[in-house]
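Q: I'd like to learn how to read a few features of a model like this one. Could you take me through them one at a time?

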Amino acid sequence: MARVIIYSGKGGTGKTTISAATATMLAQSGRRTLVLSSDPAHSLADVLGASVSRDKPTPLMPNLYGLEVDTIYEWKRNLGGFQQFVTNTYSTRGVERTTAAELANQPGLDEILALQRVMQEAQSGRWDAIVLDTAPTGNTLRLLAYPELIIGGGAGKKFFKVYRGLANVARPFRRDLPEDRFFDEVNGLLEQMERLSAFLLGPQVSIRLVLNPEKLPLLETRRAYTFLNLYGLLLDAVMINKILPVRADLGAYFDYWQQLQRGYIGEIEASFAPTPIFKTVLQNGEPIGMPMLLEVGAATFGSSDPGAVLYNERPIWMEQWNEEDSPGHYELCLRLPFLEADTIDLERSGTDLTITAGRLQRSIALPRLLYDCALGNHRYDDGVLRLEFRELSSGSAERVVTVEQMEVEAA
């Protein structure tokens with residue numbers, strides 16, 4: 001599969017410029033590269049200085065192609081039956097058809113369709129590398145989390161199957177029930193979500209956060225960093241963009257801003273170490289067009305390969321202790337910096353564990369090794385949440401039963 005690099009960050013930090021510069025450098029090194037934009041307010045073509053298609057990759061220079069994902073086009077191509085059913089349902093209840101068509105665009109699915117297109121291109125065998133320029137941080141985090149959230153777990157998929165069966169029985173008596181095409185597309189969407197979740201956690205996919213040396217971008221990037229770690233996504237670099245050059249002739253006004261930036265750069269380095277940090281100084285001219293983007297890329301990465309996985313420490317891991325004559329003792333560890341310990345809450349339901357940390361929440365499917373373990377205490381040390389699990393003694397009657405086991409036992 002192609003190497004996939006996803007750039008995210010607060011609006012206005014220069015994600016599109018860094019994304020395009022990375023892609024241009026990869027293409028120049030001989031790697032067949034596709035740069036995509038999933039930001040509805042596309043500016044990729046503006047930065048590249050060339051028109052970019054919404055459906056087919058546009059050749060830009062040797063080995064470099066561009067694509068601005070059009071979610072309306074992707075909707076019609078992938079979920080036309082779904083959209084038609086929802087539109088008809090609204091319009092038969094008195095909603096104007098144009099308004100009904102807008103309501104049919106369910107929240108979050110535009111991001112899913114963009115990510116789905118990225119996965120299709122990555123698995124097509126056409127590319128050595130893919131660079132994704134995303135929307136501002138909040139939308140990007142929703143994009144990266146949605147594949148897991150939309151599945152609804154095993155219970156959600158089972159409910160969908162039951163609903164489809166009921167609809168087939170009741171359709172002769174009601175005209176407003178969805179047709180088979182609707183169910184086929186939604187079922188396909190659920191299966192696609194599982195593939196997307198696995199794709200995002202693959203060894204060839206990593207996220208890079210772009211920020212400016214200022215207070216608000218730093219705070220937002222810290223939150224994004226914690227979110228990515230909670231979902232087990234690999235962050236392999238932090239990019240500091242729009243750094244003022246150090247020059248004696250800029251005067252007292254710029255001396256103040258240079259000093260302020262130096263302070264924030266120190267905070268950024270302390271916050272995200274040991275993740276590699278790359279710095280981009282403002283150029284003498286606007287970084288528009290591929291020759292200028294090559295200069296930006298060279299100034300940013302230096303001798304480093306922009307297509308490499310620059311850091312591969314996963315934020316979720318498990319530790320085990322073997323204690324003589326006692327049940328096994330495990331710790332499930334999550335690197336979640338920048339949290340307050342008293343905001344962390346845990347709730348276990350069967351083989352799933354819901355972690356709430358401030359405004360973040362995720363339900364984790366526990367490793368099979370922990371199915372028959374009891375959840376004990378947890379502690380938060382140096383930015384790492386450690387969850388204690390102990391194997392139940394052989395005489396204990398307590399047992400975790402999976403949905404599949406219950407079905408077998410019931411049969």
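Q: Where does Phe 254 lie?
A: This is a predicted model, so keep that in mind throughout. Phe 254 lies in helix α11.

Q: And how do I read its accessibility: is Phe 254 buried, partly exposed or exposed?
A: The general idea is a pair of cut-offs: under 20% relative accessible area is buried, over 50% is exposed, and partly exposed is in between. Phe 254 has a relative accessible area of 31%, so it is partly exposed.

Q: Which residues make the nonpolar surface patch?
A: Tyr 253, Phe 254, Tyr 256 and Trp 257 make it, and the patch covers about 450 Å².

Q: Let's turn to salt bridges. How many does the structure hold?
A: To count as one, a side-chain nitrogen of Lys or Arg has to be within 4 Å of a carboxyl oxygen of Asp or Glu. Here the structure holds 14 salt bridges.

Q: Which side chain does Arg 31 meet in a salt bridge?
A: That would be Asp 305, at 2.9 Å from N to O. Arg 31 sits in the loop between α1 (15–28) and β2 (33–37), while Asp 305 sits in the loop between α12 and β9 (316–321), so the pair ties together parts that are 274 residues apart in sequence. As for accessibility, Arg 31 is partly exposed because its value is 25%, and Asp 305 is partly exposed with 33%.

Q: What about Glu 267: which side chain does it meet in a salt bridge?
A: Its partner is Arg 222, with 3.7 Å from N to O. Glu 267 belongs to helix α11 (residues 252–272) and Arg 222 to helix α10 (residues 215–230), so this pair ties together parts that are 45 residues apart in sequence. Glu 267 comes out as partly exposed at 35% relative accessibility, and Arg 222 as partly exposed at 21%.

Q: Now a pair between strands. Where do Glu 331 and Arg 379 lie?
A: First the bridge itself: the two side chains meet at 2.6 Å, N to O. Glu 331 is in strand β10 (residues 329–335) and Arg 379 in strand β14 (residues 373–381), so the pair ties together parts that are 48 residues apart in sequence.

Q: Is Glu 331 buried or exposed?
A: Buried, because its relative accessible area is 3%. Arg 379, at 39% relative accessibility, counts as partly exposed.

Q: Which residues are linked with them in a network of salt bridges?
A: The network links Glu 319, Glu 331, Arg 379, Asp 381 and Arg 386.

Q: How do I read contacts, say for Thr 300: which residues is it in contact with?
A: Set aside the neighbours within four places in sequence, and look at what is left: Ile 18, Met 239, Phe 278, Lys 279 and Thr 280. Thr 300 itself is in helix α12 (residues 290–301), and it counts as buried because its relative accessibility is 7%.

Q: One more: where is the place of Tyr 65?
A: Tyr 65 is in strand β4 (residues 64–68). It is buried because its relative accessible area is 18%, a value under the 20% cut-off. Leaving aside neighbours within four places in sequence, its contacts include Arg 32, Thr 33, Leu 34, Val 35 and Trp 127.

Q: How far apart are Tyr 65 and Thr 33 in sequence and in space?
A: They are 32 residues apart in sequence and 6.3 Å apart in space, taken C-alpha to C-alpha.

How values were computed. Residues numbered from 1 in each chain as written. Predicted model: local features only at pLDDT ≥ 70, side-chain atom pairs only at ≥ 80, totals over all residues. Heavy atoms only, no water. Helix = DSSP H or I, 4+ residues; strand = E, 2+ residues; numbered from the N terminus. Buried < 20%, exposed > 50% of the residue type's maximum accessible area, 1.4 Å probe, protein only. Contact = heavy atoms within 4.5 Å. Patch = residues over 30% accessible without salt bridge, like charges linked within 9 Å, V, L, I, M, F, W, Y side chains within 5 Å. Areas by Shrake-Rupley, 256 points an atom, 1.4 Å probe, with all protein chains shown as cover.
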